Structures are given as C-alpha cells and as structure tokens.
Amino acid sequence: MSIARQFVRQFSSTGVVGKPGYSTVEPVHHLVNIRKAALKPKYQGLLIPKDDIRSVGFKPTEIDQDRVAEYYQNTLKSDLLLHNYEHGAQVIEGEKKRSWGTDSPYKLYRNLKKAKRVGRATRDIHPIKHDNVPQLESIYIQSYNKWALEESWLNISTRLQLSQITNVKAKQIYAKANILPWRLREGKPCGAKVEIKGIDMSQFITTLTELVLPRIRTFKGIKNTSGDSNGNITFGLDPDNLKYFPEIESFQDLFPNLNGVHITFKTTARTDEQARTLLSALGLPFYDPN
Amino acid sequence: MRGLSGNLSRVGLVRAYSTANPTVSSTLILSRNPVITADVPKFEAQYYKYQNELWRRLMWTFPKWFYFREGTLAEQRFRQLNKDPVADNPNIEFPRGRPQIRHKRDRRFKQELKLPKTYKEADELEPAELEQAQDTITEDDLARKIVPNSRTTKADQENDLTSLERKLSRTLYLTIQNGSTWILPNFPEPSSEQVTALHTLAEEGLYKIGGEKINYFNVSNTPCHVYNNSKDNKKEYFIKSHILSGDFQPQDKSMKFLWLTKEELKTHLDKEYYQDIEHLLSEI
C-alpha cells in the first residue's frame, strides 16, 4: 500500500495532483480509422504526386503542345466570359440545409434539417467573372459489362478497351447492391471506369470530335436534356460506334466483344446551359430531342 | 448628402468629355482565330522534347504478344522490321554497359518500334520506280505517305496583309483606313431618334462595307469595351465577333483594309486608341 492511496483528497485539490504519471483511461487517438502501416516512413514516397520527378511512379505530363488546352486559353476563355456575362447579375442562392432554431441547446446541436424542396443541398450560382469561367476539368468514362457478373474474366476486355481508347489504365468497378433480377451481387466486378485529364483528355476530345462522331451515321448530337444540373454532361456510345476509334479499328479481331460506354464531361460550369456552351465550342454537337 | 455627392461626380464625368450628347457608335472587333497550333518558342520546344523522351524512356514494354499473335503473317512482318536487341552474354565484356534484356527489350533505353509501312520512302525506291511513284500517287490514295502541310502560306511569302490565309498560327483583326488613320471598323447610330441595337448596327455596317459573303459568329450582344472618343465626340462600344468563313470584299473600291496581328496593330493604330483597346487583343 502506497502513501498516496491512504491520502484522503480534500475538495480544495484536484484528483490528478495525487496520481502518478499515467492514466488508466484508454486514450482516444483517432475518431477515424487510420491505416497505420500507410504512415510508415517507408511509404512516405508513395504520397508524392505522380507528376513529381521524385515519385517512384513518375510520369511526365507536359510531354507535348496541348492543342485543345491552348485553344481554350487563347480563344475560348475570354469569349465564354463575355458570352455568359449578364448586367447586374446576382448570386442565386442554392437550397441549403436549415437550422432547427436556436431557442434550445438541443436544437442548436442537432444535425441540420434537410434542404427545402430538394433533399440534397445545392450550391450557389455566381455570376461569371474572370475567376469562374467554365472549364473542362476531366472526362469520366465508364462501361458496364453485365456478362462479367457470371464470368469475371470477361471484364478484362472491357478494361482493356477503355485503356485502349483513353491511354490511361482503367479501374475495375464492382456491384454495390444485390439486385436479383439483374443477377447483381455485391462485390462482383461488372465493368470499368477511367478518368482522364490533361493531355490525354485533349487527345480524347480530338479523336472523338474529329474521327469518331462524324462517322456515326445515326448520331445527331448530345441531347439538350442531358446534364445533372451541376454542369456535368453525359452521353453514351453504343458498341457498334466504338469501333470507329482508330485504336480499336486497327485491331478489331482483338476486341470481339465491345461494350458501350458512358462519357461524362466534368466541367466547372455551375449550370448545364453554360456547360453546353463550353462543350459545343470544343466541337461537340447538341440537339433538341423535343 | 450621399446622393448630392453622387450627382456632382456624375456631372463632372460628363463634362470631362463634352457638353453635347455624344454619338453612340458600334465598333466591330472582327477576328480570325488561329487555324493551326501556336508557334512554340525554342526553349519550350526543347522542354517538351526532354519530357517526351523521359516519358518514352519510362514507358512499359510494348506487349507484342498481344497485338501481334505468334504465327500470324503480321507478326512475321513485325519481326522482320524489329530485330531483337543484343543479348546479354556473361562471357563478353560490354564497354558501354551490360544490356538488361526483359521481354526482348533493353531496359536501359526507350523502346523504338518500326511498323510495316504502306508506302516506300524516297531513299528506298529505285530511280526508275521513283518517277513512276510520283505519277501514280494521288490525293485519295489511302496508302500514301501523310505529309503535313506547310505552316507558312503563299500569302505569308508575298506578305499579303489583306489575305485571310496569312499567319495561320495567329489571331488576325480586321482594320480599315479612315482618312489617314487606321481604325477598327466603326459604325455610328444613324440618328438619335431611331435606336438600333449595337450588334445589329455592327452587322449591318459590316455587310455594307464588306459585302454579304461573310459568315461570322457574334460572341455576345453585350459590348466588351467602351472607348470615349473625345475628338469626334463619340462613345464607341466594342462588339466582339469571329469570322468563320467567307471573305471581306470591300464594296467601295477606294476602301483599304488589312488583316493584322496584335503587334502589327500597334504600329498601324493611333497610339492612344491602341493603348485603350490593347487588353482586348489576343497575344497568340
């Protein structure tokens, strides 16, 4: 028995004072799960971005003159600024999550109420100025392959097909839900996705607008109704249309089972209308389905 | 008090230019966009070359086994063109370093592939064949060698400033001669009672002086700039547009016009006028 244990604490002093230097309470280090192995000094090198020459997976990005990016910078940007300009334009506020009130601490700390009318909160629409001229950020291409649900090796050709047309290694996508009539089971590989940026994106746009789309006889354009009202526009290409990509056209016997793809243009435009203006300036036609 | 000072400053502004009401006019910035890629400065070109070589050096080995299946005729042709690199032999000293062969590629260097051509290069042909080849090659022959067109045109060589085909890599602007000075085409409102929209005014004026064989794109009905011409007591609003096809054909024989780049505009335009509109013009 130590002296400290026998000592009766007065109300005038705190409990901590009499304690030796360690606590029996489990420390709360992190409220989020952290993979400690990834914090090892050995793996610090992996955190360096791929376009840095110190990175192990270094891949130069500025390998050539970028025609599309140059066109945007020199001609399109100032035109879009003027085209989208409105006299006396105000910020159109989006629907935000709402407070429950401030008259009780319970309401104050309660999770915010859902946005009015729309469930999900929407962003504000700012007038177009020099710093928010719509720009194409990246192109997201994804392909769903239902045959891969039964035979997972069939997904290889889907991934390869995307890599072939984009010059970027495609990632596998997995089913997220169990839907019996579609034979979908959680965790089953069922297609591929790839996000392209920079010079690969410019190259893809050039190929699409100059070699592929003009050769599709039934192609009228992207529908005017397409878009997620956040400035991202999507359209689809059928398997028959994909063979017009020169990378696939020259090796048709290597791709016996082509898969249709969904192509999403991710832009910084705040409305679909602005995004459509940007894309049509880049050479993508649009049409009114109604 | 606040309203009073606001009024005073407005009065002062008007007085600085004139006492009479200025004429409203529309100035057209009609530009021809670059047709080909911009000229790359030497340093930039070297930088791209260096990065490109690095990229090629770090590339994965070409999967020959996938694109050229073994035993096929295509693979045979590919093999004839691409000889295997010198194999590593432990009994031999390599003064320039030992080759590191993986999948028939020397990992020390970038991989260079030769693909079968559909045509023959000029140095591969016999003299007799050469003459024959020159006669037989036509524009619609798919197997012909693709040679890019020249970046300089006939208009560049003759220094024809009125041609739309000059300086393909630069933005050109239409300028016309007004008396002794050069200006961007300017069209005043016909009368103060009858008001026409600025972009309509610019369009009608352009067709009047340059003929209707111009296909142009008006960027916006909103003017992008205003120039207070104190000399003529005019307010010039600038309407931006691009010529897409057709040609500017002056209807009046005596009218002089030029298609100029930004630097050339500096020498042609009035100094004060150029400084006012300099920021509207494209560097490229």
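No disulfides are present over all chains, the count being zero, where a disulfide is defined as a pair of cysteine sulfur atoms within 2.5 Å. The structure is a predicted model, in which local features need pLDDT of at least 70 and side-chain atom pairs count only at pLDDT 80 or more, while totals for chains, interfaces and linings use all residues. Residues are numbered from 1 along each chain as its sequence is written, chains are lettered from A and ligands numbered from 1 in the order in which they are written, and side-chain values use heavy atoms, with hydrogens and water left out.

A:C190 is buried at a relative accessible area of 5%, whereas B:C224 is partly exposed at 25%.

Helices (H or I, at least four residues) and strands (E, at least two) are DSSP runs numbered from the N terminus. A:D240 belongs to helix 6 of chain A, residues 239-242, and is exposed, with a relative accessible area of 54%. Between A:D240 and A:N259, the separation is 19 residues in sequence and 8.7 Å in space, C-alpha to C-alpha.

The second largest pocket holds about 890 Å³ of space. On a 1 Å grid over the protein atoms alone, a cavity is a set of points where a 1.4 Å probe fits but cannot get out, and a pocket is an open set with protein on both sides within 12 Å along at least five of seven lines; lining residues have an atom within 4 Å of a point. The lining of this pocket comprises 33 residues, with A:Y71, A:T75, A:A281, B:N33 and B:P34 nearest its centre. At least two lining residues each come from helix 2 (67-83), helix 5 (198-212) and helix 8 (272-281) of chain A and from strand 9 (234-246) of chain B. Helix 2 of chain A gives the most, with 10 residues. By residue class, the lining divides into 16 nonpolar, 12 polar and five charged residues.

Chain B is divided into domain 1 (17-37 + 152-280), domain 2 (42-116) and domain 3 (121-150), with bounds from an automatic or database domain assignment. The centres of domain 1 and domain 2 of chain B, taken over C-alpha atoms, are separated by 55 Å. B:Y47, in helix 2 (residues 42-57) of chain B, is partly exposed at 33% relative accessible area. B:Y47 and B:V195 are 148 residues apart in sequence and 55 Å apart in space, C-alpha to C-alpha.

Most residues other than glycine have a negative phi. B:H103 is exposed, with a relative accessible area of 62%.

Note on methods
Buried means under 20% relative accessible area, exposed over 50%, partly exposed in between (1.4 Å probe, protein chains only). Grid points are joined across faces, edges and corners, and a volume is the space filled by probe spheres set on the points. Ala, Val, Leu, Ile, Met, Phe, Trp, Tyr, Cys and Pro count as nonpolar, Asp, Glu, Lys and Arg as charged, and the others, Gly among them, as polar.
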